[in-house]
Amino acid sequence: PRKQIPQDQIHREVQDYYGKELQKSEDLKTNACVTSARPVPKAIRDALERVHEEVVARYYGCGLVVPECLAACRVLDLGSGSGRDCYLLSQLVGERGHVTGIDMTQGQVEVARKHIAYHMEKFGYRKPNVDFLQGYMEKLGDAGLADESYDIVISNCVINLAPDKRAVLREAYRVLKPGGEMYFSDVYASQRLSEAVRKHRVLWGECLAGALFWGDLYSIAEEVGFSPPRLVTASPITIGDKELEGVVGDCRFVSATLRLFKVPGSSRAGPGQVIYNGGIVGHERELVFDANFTFKEGEAVDVDAETAAVLRSSRFAEEFLIRAAGADAAAPQGCCGRRVKEKICNPFLLLEKLAAPAPACGPAATCGPRGCC
């Protein structure tokens, strides 16, 4: 059996790494915590520019974790660090929404709290719509977070730093309302990690030693109660340090964004046909929901039962006309008969697909002529 490193030792060492050793994002030895898979929309770039420079400098997330359709939502950020994503989301949820950040590193929480008044004045809010808690994402109850109290849980490159991933997902599931979503980016490995990697102190701080084999994340999520994870984006991770490369060996790492939904049993039915109404600000012409489904405004798309249940039960319900599909649409993306292409779940396969030249094929959700599938 593998020897486990004590959880409190991992927590202590990660806090030291992020609280003392790292002073700015340029101090990191790999690009695991600073990659970004997509161009950043102008509205989000503008919102980021309103975030205090100290908060931005002390932030170590991978890319941006900004789901769509956020107005008036209650959002929880796991491992919120200096608060950059919280202050970004504070602007997107608006004054009627709320954002809570939780982090175990006292120094980071202090940086975030120090700038609350600055940001509320900058955003023109009468009262704060953000708060920051010190605590562990494996034990949200200890921080006073109640069952079914959030619409969305986000996390940016920190679940890999938690020794008990199952506990993190279980707690996220507990605090989400029915139909709620966990939208997060994290680092995943192409295989289960060797003991040498898992015990390497710098690789823990650099987000690699705690990375799950991607397939294990899918198992844990479903075991906790989430609908099957939906892969959104993937970016390659490079290690620019020869010594660390030697420790890692032939294991590859990827930064991937996933969405998990807490779908109530009552929403589950058969496959469906959906039409996006174009009502989400910033995504009026099309909504890239994940790596497998892109919904264009006004276009009917056949979806599998899982996707229909997710749209029906979540905050996206008002943005779609959803109706039951005929018997011929039971295949996962009912557009090429029974020989429909498989959904992409493996982030390493998605990387290969993104790097390959695009075939002459229709959009992702309507996969075009039979030869394209």
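Axes are lines fitted to C-alpha atoms, for helices over the stretch in contact, and angles run from 0 to 180 degrees between N-to-C directions. The model is predicted: local features need pLDDT of at least 70, side-chain atom pairs count only at pLDDT 80 or more, and totals for chains, interfaces and linings use all residues. Residues are numbered from 1 along each chain as its sequence is written, and side-chain values use heavy atoms, with hydrogens and water left out.

Q: At roughly what angle do the axes of helix 7 and helix 10 cross?
A: Helix 7 comprises residues 165–175, and its axis comes within 9 Å of that of helix 10. The angle is roughly 40 degrees.

Q: Which residues of helix 6 make the contact with helix 4?
A: The axes of helix 4 (residues 84–93) and helix 6 (residues 116–123) come within 11 Å and cross at roughly 30 degrees, and the two helices are therefore roughly parallel. Helix 4 contributes Tyr87, Ser90 and Gln91 to the contact (heavy atoms within 4.5 Å). From helix 6 come Ile116, His119, Met120 and Phe123.

Q: Which residues of helix 13 are buried?
A: Helix 13 spans residues 347–355, and buried means under 20% relative accessible area with a 1.4 Å probe, protein chains only. What covers the buried residues includes strand 5 (176–189) and helix 10 (214–224). The buried residues are Pro347, Phe348, Leu350 and Leu351.

How values were computed
Buried means under 20% relative accessible area, exposed over 50%, partly exposed in between (1.4 Å probe, protein chains only). Helices (H or I, at least four residues) and strands (E, at least two) are DSSP runs, numbered from the N terminus. Angles under 35 degrees count as roughly parallel, over 145 as roughly antiparallel, 65 to 115 as roughly perpendicular and the rest as oblique.
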